[in-house]
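Hello, and welcome to this structure. Here is a short note to read alongside it, point by point, as you look around.

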Amino acid sequence: MTWGAHRLRGWLSGMRSRRKEADLRHRALRILDRGDGRIEERKFGGDSHYRPLNGCAYLYFQVPLELLGTPLYVEIEYLGDAHGRFALQYPSSLKTGLEGDYLEARQHWSGNAGELHLRRCRYFLEDFDPSKTQNYGAHFRLYHPSDDWIRDVRVSPEPWPEMDGFPFSLERAEPRKSPGRFHKIQWLFLELTNLCNFSCTFCPDEIMTRRRGWMKTADVLALLDQIAEHREWLGPVHPIKLHQMGEPMIHRDIVPIVAHAERLGLGVELNTNASLLKSSLVEGLYKAGLNSFVLSYLNHTPQAFGTRKVKNKKLTFQEYRAGVEAAIETKFRLGSETRIQLHLANASAAAAFPQLISGESEARAELESWLEFGRRLEQEVGLEPSGLDARRILEGGILDRDELGSCVELLPGVSLLWKRIHSWGHALPGEAKEPGPAYCVVPYEQFVIQHNGDISVCCTDFDGGLVVGNLFEEGIEKIWRGKRLLELRREMFAGRLSNPVCRKCRGWD
Ligand code: SF4
């Protein structure tokens, strides 16, 4: 449903009487009320105000044709007590961002924070590209996870007559999610077991004191049913990961579990250390309709493979590599739709692990070897040559990019991604960093079900120090909307960190 002219006129009528520069042309601006941009409306002082409905994070705007052009000027009037609580994202002609073409606009505002009242902020979209639309045909959007109420949005192809009242500006607003609002679960982890046949030096497996075990198959299936009933609570990104700690392919019923999840339409991601890729098991997973297979290969030499500390000493590096290649080949032999992500280590910011790939020459050698593998497979199965070139891929320093930016499509449905080695919230040696802010977005986005049913709010919480409930005793709803999680979020929002796990971590590292 689009937000029709009738409601829009009502919204803009107050503005016309108050502001000289308000132009009737604005009447045609539309907010798209759909998807993750559904609208909630409330009256304040007789005027309608808007924000995304609980569980939604965006407001999407369409600009009328006669106002479309470069640059574009936007002004927003809102009821709030501070600035930077929402971010304007727009398609830019300069750069392709990670999330499609959206870039965040610099926000200008008056600077007085504290009291709740009507405020204004402005944006100057110098490189706005009117030819691009995204998300339901929107020309720009507001990322808006906070409590503020939007009263008015005005656009103009001409500069505002005065900017004196807007002396402050901020390049990236980085809005914070409001603790009191409902937010969708973006990352759901279901740990089948915390047992592992590896003990990698860059993993806290050896220092984990949590009781080792696995989840009974009947319990896994029942939890998957419960998750499926709450599907609308899940965000769009990889909803079900079958791990937190541990190696999920150790679970003897991994194939029926994947088949059950996929039958429910949950779309699981199986992230494996890639040491248990028996051909019958791999074929079973593909035939079960596995959505995403993450092969956490990471190594580039037998020495690097030594950092995995294989508990089954019989597995050599050559056998390990051959198993990974065979799993990829099997996908094409079976014509499987499963997406494969091959992870290589990026230890450039983790000096404690010098055996792993940390320099461009090592990265180039490893990349070349996988491109060579890709070319061979293209010939064997009759695929169009991708023409990938290592030099071009590495241009600009691939190890300096973030993980998504480092991703390369090696073959159709097979991508290669440089996984950053991190310190698990400073539990392991890693990059020394200044402490980050107390606020962390993770407890708003992650729901980590450990093998005994405990729910942690963070995937780096390997020892269960951030447990807020148990799913075998309480349902998803009670925990996700519950008091313990709310208290944790409120505390972080207010700048306090009483939990030792978060105090040590202070945000993603
Ligand atoms: S501060 Fe660290 S440990 Fe705490 S929730 Fe955020 S990422 Fe996890």
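**Notes for a first look**

1. You will find L221 in helix α2, which covers residues 217-229. Its C-alpha atom is 13 Å from that of H451, although L221 and H451 are 230 residues apart along the chain. Please keep in mind that this is a predicted model.

2. Now step back to the whole chain. It holds 12 helices and 22 strands. The radius of gyration is 25 Å, close to the 23 Å given by the globule rule for 509 residues, so the chain is as compact as a globular protein of that length. Along its principal axes, the C-alpha trace spans about 80 × 55 × 45 Å.

3. Two further values describe the chain as a whole. Of its 509 residues, 39% count as buried. Among contacts with a separation of 6 or more, 73% are between residues 24 or more positions apart.

4. Which residues of β15 are buried on one side, and which on the other? On one side they are V268, L270 and T272, and on the other E269 and N271, so both faces of the strand are covered. As background, side chains in a regular strand alternate between the two faces of the sheet. Strand β15 runs over residues 268-272, and since five of its five residues are buried, it is largely enclosed by the rest of the structure.

5. Strand β14 (residues 240-241) runs parallel to β15, and two bridges join them. Here I240 stands opposite V268 of β15. Together with helix α3 (residues 254-263), β14 and β15 make a right-handed β-α-β unit.

6. Strand β16 (residues 292-298) also runs parallel to β15, joined to it by four bridges. In this pairing T272 stands opposite L295 of β16. To get from β15 to β16, the chain passes through helix α4 (residues 279-287), in a β-α-β crossover that is right-handed.

7. Another strand to visit is β19 (residues 414-420). How many of its seven residues are buried? Five are, and the strand is described as mostly covered. β19 pairs with strand β17 (residues 339-346) in the parallel sense, over seven bridges. Within that pairing, A345 stands opposite K419 of β19.

8. β19 is also joined to strand β18 (residues 408-411), this time running antiparallel, through three bridges. The bridge partner of V408 in β19 is L416. β18 and β19 form a hairpin with two residues between the strands, and G413 in this hairpin takes a positive phi near 80°.

9. T70 and P71 are joined by a cis peptide bond, with omega about -5°. P71 sits in the loop between β4 (58-62) and β5 (72-80).

10. E174 belongs to the loop between β12 (168-170) and β13 (187-190). With 14 C-beta neighbours inside 10 Å, E174 counts as partly exposed.

11. H426 is not a glycine either, and it has a positive phi of about 65°. Its place is in the loop between β19 and α9.

12. Finally, look at the ligand. It is surrounded by 14 residues, and the closest are C440, V442, C458, C502 and C505. Both α9 (442-445) and α12 (500-505) supply at least two residues of this shell. Which helix gives the most to the shell? That is α12, with three residues. Sorted by class, the shell contains nine nonpolar, three polar and two charged residues.

Definitions and conventions: Residues numbered from 1 in each chain as written. Predicted model: local features only at pLDDT ≥ 70, side-chain atom pairs only at ≥ 80, totals over all residues. Near = placed C-beta within 6 Å. Nonpolar A, V, L, I, M, F, W, Y, C, P; charged D, E, K, R; others polar. Rg over C-alpha atoms; globule rule 2.2 N^0.38 Å. Buried ≥ 20, exposed ≤ 12 C-beta atoms within 10 Å, placed from the backbone. Contact = placed C-beta atoms within 7 Å. Pairing = 2+ DSSP bridges. Right-handed = clockwise from strand over helix to strand, strands pointing away.
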